Amino acid sequence: PGERAAGKGAKREGMASSKTATPAIEVTHIGENTLRFMLSNTDASVANALRRAMISEVPTIAIDLVEIEDNTSVLADEFLAHRIGLIPLVSNRAIAHDGWASESLPRDGNGDHPPKEFDWHHSADREEDCEIKFELDVRNTMDNPIDVTTQDLKLSLTHPDDTRQADWGVKPVEYDPDHPVVIAKLRKNQSLKFTAIAKKGLGRMHAKWSPASGIVFTYDPVLKLNFDKLEKLSADQRRQWVEACPPGVLKFNEVTENVEIADELNIGIVYSGECEKVAGELFGATFKDLVSIKHHCGADGQPDRFHFEVETNGALDPVTLVKAALFELHTKLENVRDGLHKDQGGAFF
């Protein structure tokens, strides 16, 4: 009693070995650009590898070249080019679409076939296979200042030369149609005109190619109450302690007048140490251990359950981002495996 793991279906320590168990993912929340899930039966190195892959190893499309023809705004050309490059673009076309990713890709004009995967610029034979061209041409003819936004950034009809450019759904991410991303402000008679070329890249090349806004993971906590010391406190003191603690850690049972672990733990608060601090302030330093918080561990004594929180910038939806990151990790491991393979006899080192 008094001990509970945060995740559903958690196994007690010693019942499963992370060395033999198969890693598993349990999704707890899916939003438009957010995803929360539990990664279990693995260790911190794998969890961190997945986090890093989502940040820097999943390809997206971003503006890499800006040719400014006219700029009479107060912003310098270099400043504008940097802002334009950081505009997230819908990037489903950038990911490998063999098998699992095919359903997330845009279709052609008839809605039939997904496009050819967006090529890397250094390996493409044709510009139309590795570039998307955008244009913007705005002039303020009114007395009041106006905003130049991503809604003014239009897909060029032709690229390269006079070749008609295919529209495969690569466009600026639209978070709120009523509040598009502002590129610049123009006063009366000021103008801004440029062309922009978008290319495929990785977050480790430049942050503009990273599809992630924020990705964090925390260890799954196991909370244990010190009932021996709790019995030394009156019911009012126990209630006072629970009410002084941040919500999402403890609860007070009015029937039994005992302290219990909250039904739904707030992972961000659990590891803050606030409940231990409050107990020490209310009842003295010897009562700081009224509750102890440890990581959920496997049979090897190492943490084996991790809470992930994924937020994307809209270039890819969060589910596709996680799948793509797993695909990239698997591909890298396969490349290492193939590199270690001997030609003679097909044996492995």
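Tutor: In this protein, buried residues make up 41% of the 349 residues. The model is a predicted one, in which local features need pLDDT of at least 70 and side-chain atom pairs count only at pLDDT 80 or more, while totals for chains, interfaces and linings use all residues. Residues are numbered from 1 along each chain as its sequence is written, and side-chain values use heavy atoms, with hydrogens and water left out.

Student: Why is Pro88 called buried?
Tutor: The word buried is used under 20% relative accessible area, exposed over 50%, and partly exposed in between, with a 1.4 Å probe and protein chains only. Pro88 has a relative accessible area of 15%, so it counts as buried.

Student: Where is Pro88, and what is it in contact with?
Tutor: Pro88 belongs to the loop between helix H2 (77-85) and strand S5 (132-139), where helices (H or I, at least four residues) and strands (E, at least two) are DSSP runs numbered from the N terminus. Contact means heavy atoms within 4.5 Å, and, leaving aside neighbours within four places in sequence, Pro88 is in contact with Lys171, Pro172, Val173, Tyr175 and Asn313. Although Pro88 and Asn313 are 225 residues apart along the chain, their C-alpha atoms are separated by 6.6 Å.

Student: What makes S2 and S10 edge strands?
Tutor: Two strands pair if DSSP finds at least two bridges between them, and four strands form an open sheet in the order S2-S3-S15-S10, with antiparallel pairing. Strand S2 (24-30) and strand S10 (212-219) each have a single partner strand, so one side of each is left without a neighbour in the sheet.

Student: How do you know that S2 and S3 pair?
Tutor: Six bridges join S2 to strand S3 (residues 34-40), the two running antiparallel, and the rule asks for at least two, so they count as paired. Ile30 stands opposite Leu35 in S3.

Student: Which helix packs on the sheet and touches S2, S3, S10 and S15?
Tutor: Helix H7 (residues 318-339) does so, and its direction makes about 40° with that of S3; axes are lines fitted to C-alpha atoms, for helices over the stretch in contact, and angles run from 0 to 180 degrees between N-to-C directions.

Student: How many helices and strands does the protein have?
Tutor: The secondary structure comes to seven helices and 15 strands.
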